[in-house]
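Please examine the sequence and the structure shown below before reading on.

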Amino acid sequence: SASHRLWPEIEQVVHQQVAWARLGLGDSGTGWQLFAEDGEMRMYRREEEVDGMVVDPLKAVHIVKGITGHEVCHYFFSPQYRYDWETTLEQMTVLETIADDSCLFLQTHKRIWPASQRDVIFWSHIRHLPNDQDRDGPDIWTVVNHSTEHKDYPANSGKCVRIFLTVCMLCQTRVIPPKEGTPITRDNISCKITYCSVVNPGGWAPASVLRALYKREYPKFLKRFTSYVTNQTKDKPIMF
Ligand SMILES: CC(C)(C)c1cc(CCc2ccccn2)cc(-c2ccc(S(=O)(=O)CCO)cc2)c1
């Protein structure tokens, strides 16, 4: 709700992330390296370090047939499905339900050898940015996750190293209209997904180890999540 202490930050970060996600990859001069390809999915990263720590920004573009942006964002945002698709998750707690479109999460992730176990606190916000009639802009659904602090869970106070992240799942639905008068089916829809992520792994971890881990884990993550949405929605009415 607009009166919540996090609301100004949510508004600012969501608009910044939507603008960032909608930027193309620019020409090769922008340093984006394609590092994974699988069917329609293309995954790019830039090598960046902050205080000697790998924080490689990642941008993935994927086109998935038969699902909508609303459905992708619904399953990505809603806590009740997360254990189904987030296999690196050990524990997820909803610390606060800020509004029906905003939650505060605490997540501990399974240890990924040889890095030590990590946890993260982030707010998550789901937003529909409809294309206003006069502009034929795209109809966008997005979920933005952004790290924040919580007084009851100070960073690095327990067994876990605190990670920091900003993630944007931005979706645009495409409909190929079927023959006049016939209903739209899942064969007529597809979703273009732009997934942007910057994960600061917190405490020290060797750059080579992190880069190998990101290279292996990220493609699996997006494939697994989109397959999950396809399976969850295939026998259900379309959520536009
Ligand atoms: C390896 C990599 C795929 C980058 C990775 C490792 C870890 C585990 C923690 C970690 C980080 C770094 C090094 C070792 N372990 C967590 C995440 C992560 C966490 C959260 C989200 S989310 O978009 O907010 C969806 C809700 O869960 C996405 C990714 C990614």
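## The shell around the ligand

Which element gives the most to the shell around the ligand? Helix 4 does, with 5 residues; helices (H or I, at least four residues) and strands (E, at least two) are DSSP runs, numbered from the N terminus. The model is a predicted one, in which local features need pLDDT of at least 70 and side-chain atom pairs count only at pLDDT 80 or more, while totals for chains, interfaces and linings use all residues. Residues are numbered from 1 along each chain as its sequence is written, and side-chain values use heavy atoms, with hydrogens and water left out.

## Polar side chains at the ligand

A polar side-chain atom of Glu86 lies 2.5 Å from an oxygen atom of the ligand. For Gln107, the distance from a polar side-chain atom to a ligand oxygen atom is 3.0 Å, and for Asn145 it is also 3.0 Å. A polar contact is a pair of N or O atoms within 3.5 Å; within protein, one must be able to donate a hydrogen and the other to accept it, and residues adjacent in sequence count only if both atoms are side-chain atoms.

Helix 2 (residues 69-77) is largely enclosed by the rest of the structure, because 8 of its 9 residues are buried. Buried means under 20% relative accessible area, exposed over 50%, partly exposed in between (1.4 Å probe, protein chains only). Among the buried residues of helix 2 are Gly69 and Val72.

Cys191 belongs to strand 12 (residues 189-200) and counts as buried, at 0% relative accessibility. Cys191 and Gly69 are 122 residues apart in sequence, yet 5.7 Å apart in space, C-alpha to C-alpha.
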